[in-house]
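This briefing covers the charged side-chain pairs of one protein and the overall figures that go with them. The structure comes first, and the notes follow by topic.

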Amino acid sequence: MSEEGDRIELGQLAGEDGDEEDEDGDVDEDEEEDHGHPSVAVKKIRKVNKRFYRTRAHSNPLNDGFYKVLPRAPREMDWAAQFPAWRERTRDVSDAIDRNELAPYPQRQWFVDVGSGYGGLLAAMAPEYPDVWFVGLEIRERVMEFCEARLQRLRQDHPGKFDHLTYIRTNAMRFMPNFFVKQQIDKMFFCYCDPHFKKRKWRQRIISSKLLAEYAFVLKDGAVVYTVTDVKDLHEWMVGKFHSHPLFETLSDEQLAVDPIVPYVRDKTDEAIKVAKNGGSKYLACFRRLPNPPLSDQGET
């Protein structure tokens with residue numbers, strides 16, 4: 001995590017509504033406040049307001065869509081175009097990835113938020129983990145426009161602190177293997193996913209037995225998947241799918257209590273802040289990716 005210094009106020013990262021805006025919907029005042037921390041200056045950043053990026057809460061992931069960033073294979077993904085810090089912190093990757101082999105990524109961790117929404121989770125974590133690549137994947141176009149505006153403002157107001165964070169509009173249910181190679185990701189987040197209440201729409205849920213196989217492919221051995229929702233039925237659905245998959249095990253309450261990422265997932269996302277404000281319940285479950293079993297244990301084909 002980053003050393004103690006200037007602390008960015010989380011409420012500003014969340015892009016909450018209700019502040020005085022200019023004609024473009026931005027808050028243009030830069031302020032510093034002392035909140036009882038003599039060695040920490042709390043900086044308020046200029047916000048991009050959500051009210052100018054309203055959209056439908058649901059999007060059908062089974063529909064076709066046009067995506068500006070969609071590599072045919074991970075080797076074609078231009079991460080340098082996404083991360084200003086890429087060229088400074090990595091070696092040349094032009095010929096490093098072949099046949100879905102993991103290279104040269106081991107020297108840096110990858111955190112991926114699937115269905116990142118308005119991007120609050122990764123924006124909160126990025127300043128604290130400067131040596132991690134953060135990728136938010138979101139399917140809704142207007143929400144992605146908000147994320148891009150938010151990220152641009154963050155990079156302007158805090159040079160260098162968000163150059164390892166990016167948001168990409170894509171359909172993670174269909175194109176996850178297009179972006180990531182085998183065993184590339186260290187942590188994956190599913191926060192307040194669309195519950196798709198009707199039974200005929202359950203196949204649109206982001207967690208399913210088939211999709212867990214794809215997620216397991218891009219997760220490193222020992223990687224952790226974090227899930228949180230305010231819908232109990234969806235929580236039980238996700239837990240059941242992970243329990244029945246041979247490549248995942250559930251983390252215990254004791255393990256969650258010492259995991260520094262859990263407070264971000266539980267309390268710091270845009271939706272978590274809204275749920276807490278409304279007095280709703282939060283259902284958290286986390287799972288570790290297990291190593292593949294030996295071929296001798298997989299049975300004859």
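## Salt bridges and overall make-up

D270 and R150 are both buried. The model in which they sit is predicted. The side chains of D270 and R150 meet in a salt bridge, at 3.5 Å from N to O.

**D221 and R289**

- A salt bridge joins the side chains of D221 and R289, with an N to O distance of 3.3 Å.
- This pair links distant parts of the chain, 68 residues apart: D221 is in strand β8 (residues 219–229) and R289 is in strand β10 (residues 283–289).
- D221 has a relative accessible area of 39% and is therefore partly exposed, since that class lies between the 20% and 50% limits.
- R289 has a relative accessible area of 3%, which is under 20%, so R289 counts as buried.

**E249 and R288**

- The side chains of E249 and R288 also form a salt bridge, at 2.9 Å from N to O.
- Because E249 lies in strand β9 (residues 248–250) and R288 in strand β10, the pair ties together parts that are 39 residues apart in sequence.
- E249 is partly exposed, at a relative accessible area of 33%.
- R288 is partly exposed as well, at a relative accessible area of 25%.

**Network and count**

- R266, D267 and K282 belong to one network, joined by salt bridges that share partners.
- The structure holds 10 salt bridges.
- In general, side chains of opposite charge can pair when their charged atoms come close.

**Whole protein**

- The secondary structure consists of 10 helices and 10 strands.
- The protein has 301 residues, and buried residues make up 49% of them.
- Among contacts with a separation of 6 or more, 79% are between residues 24 or more positions apart.

Note on methods:
Residues are numbered from 1 along each chain as its sequence is written. This is a predicted model: local features need pLDDT of at least 70, side-chain atom pairs count only at pLDDT 80 or more; totals for chains, interfaces and linings use all residues. Side-chain values use heavy atoms; hydrogens and water are left out. A salt bridge is a side-chain nitrogen of Lys or Arg within 4 Å of a carboxyl oxygen of Asp or Glu. Buried means under 20% relative accessible area, exposed over 50%, partly exposed in between (1.4 Å probe, protein chains only). Helices (H or I, at least four residues) and strands (E, at least two) are DSSP runs, numbered from the N terminus. Contact means heavy atoms within 4.5 Å.
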